[in-house]
2 protein chains.
Amino acid sequence: MMRINRRTDYAVRVMLALAEHPYGARLSSNMIRDIMGVPKAFLERIIAELSKAQLIETFPGPKGGIQLSKKPETVTIRQIWEAVEGPLSLSDCLQNPDSCPLHEDCPMRGCWGKLQKAMLNEMEAVTISNLSTQVMRKRTI
Amino acid sequence: MMRINRRTDYAVRVMLALAEHPYGARLSSNMIRDIMGVPKAFLERIIAELSKAQLIETFPGPKGGIQLSKKPETVTIRQIWEAVEGPLSLSDCLQNPDSCPLHEDCPMRGCWGKLQKAMLNEMEAVTISNLSTQVMRKRTI
DNA sequence: TCCATTGTTTACTATATTGGTAAGCAATAG
DNA sequence: CTATTGCTTACCAATATAGTAAACAATGGA
């Protein structure tokens, strides 16, 4: 039914929870779980993936936690997406045309290729800073 | 991993096979299977769905088959998508905000809402006529 | 030093979705 | 009447998803 992955959704929530605090603030995974309602064990794996992609820095131990590794204005949805899912590929045919049963004329490639391009453009245009200021604006009205 | 549904892909192929013949031409499901490489039994179910959505007309019996019920310039990818998958909803939160665990401030709604909008715009902009002329152009070069 | 607190890693599991098959039914042209 | 077409339903295997559990590693402070 073409839904957003729960993991991806959670990953954006994590980044957003961080973006809603002053830059450099360090949050524990328990705080994020409480703010964003993400199951603990699942959350920790997602945090590890965001860390591997260098979108966040993590610190173990008491007073440890998680913080953004770059300014929220520079973190796009696409980056978060790729951190947890890898590059978007709506169809095998797109990255590997040879595998396509309809060969080089495949009209599907144009169809899904354009759709994928539109998605990537949109995901690249939105940063977690955009999203968090939207929330702020809503809250102050 | 967010892939295009095989059913949706096949549905577009069916429509495209029809669009590549003169308007009003009637193709049997076996012909479409051969042209587009879609497994027979699966194909027939997809055809039934396209028929229910009134994108095609079907005729049983010898000399029966399938034909477009409207001009290919007026058939968009979005229509085909919705015929086999129902309306796009990247997240429950989008159609039913009350179900959202993060309530009315949910920043995810903005995020995925914009992405969904971009996808729908793109899918609405592309018709099977567009796609089939692209193929034709490619073939004649 | 030891312990509580944090993140890391791996293995496992239940459920849903996906992609597909099989078989029998219904309509119809000749 | 029969061969040819589409229609419907039930079923199945493989995979992906969402999540749990448990053992582990780092580290700051008493």
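Predicted model: local features only at pLDDT ≥ 70, side-chain atom pairs only at ≥ 80, totals over all residues.
Student: Which residues is A:Ile77 in contact with, leaving aside its neighbours within four places in sequence?

Tutor: Two residues are in contact if their C-beta atoms, placed from the backbone, lie within 7 Å. By that test A:Ile77 is in contact with A:Val12, A:Met123, A:Val126 and B:Cys111, once neighbours within four places in sequence are set aside. A:Ile77 itself sits in helix 4 of chain A, where helices (H or I, at least four residues) and strands (E, at least two) are DSSP runs numbered from the N terminus. A:Lys117 lies 40 residues from A:Ile77 along the chain, and the C-alpha atoms of the two are separated by 14 Å.

Student: How do the two strands of chain A pair?

Tutor: Two strands pair if DSSP finds at least two bridges between them. In chain A, strand 1 (residues 56-59) and strand 2 pair in the antiparallel sense over four bridges, with A:Thr58 opposite A:Ile66. Five residues lie between the strands of this hairpin, in which A:Gly61 takes a positive phi near 85°. In chain B, four bridges join the antiparallel strands 1 and 2, and B:Ile56 stands opposite B:Leu68. The chain B hairpin has five residues between its strands, and B:Gly61 in the turn has a positive phi of about 90°.

Student: What relates chain A to chain B?

Tutor: Copies are superposed by least squares on the C-alpha atoms of residues with pLDDT of at least 70 in both. Chain A can be laid on chain B with an RMSD of 0.1 Å by a turn of 180° and a shift of 0.0 Å along the axis, which is the relation of a two-fold axis.

Student: How many residues of chain A are in contact with chain B?

Tutor: There are 36 residues of chain A in contact with 36 residues of chain B. On the side of chain A that touches chain B, helix 1, helix 4 (77-85), helix 6 (107-125) and helix 7 (128-140) each give two or more residues, and helix 6 gives the most, with eleven. That side has 21 nonpolar, six polar and nine charged residues, where Ala, Val, Leu, Ile, Met, Phe, Trp, Tyr, Cys and Pro count as nonpolar, Asp, Glu, Lys and Arg as charged, and the others, Gly among them, as polar. Of the interface residues of chain A, 100% are also interface residues in chain B, so the copies meet through the same surface.

Student: How many residues of helix 1 of chain B are buried?

Tutor: Twelve of the 14 are buried, so helix 1 of chain B is largely enclosed by the rest of the structure; among them are B:Thr8, B:Asp9 and B:Arg13.

Student: Which residues come nearest to DNA strand C?

Tutor: A residue is near a molecule or strand if its C-beta atom, placed from the backbone, lies within 6 Å of it. Around DNA strand C there are 26 residues, of which A:Ser29, A:Thr58, B:Arg6, B:Pro39 and B:Gly61 come nearest. Helix 3 of chain A gives the most to this surface, with five residues, and by class the surface divides into eleven nonpolar, ten polar and five charged residues. Around DNA strand D, A:Arg6, A:Pro39, A:Ala41, A:Gly61 and B:Ser29 come nearest, while helix 3 of chain B provides the largest share of that surface, five residues.

Key. Residues numbered from 1 in each chain as written. Chains lettered and ligands numbered in written order. Buried ≥ 20, exposed ≤ 12 C-beta atoms within 10 Å, placed from the backbone.
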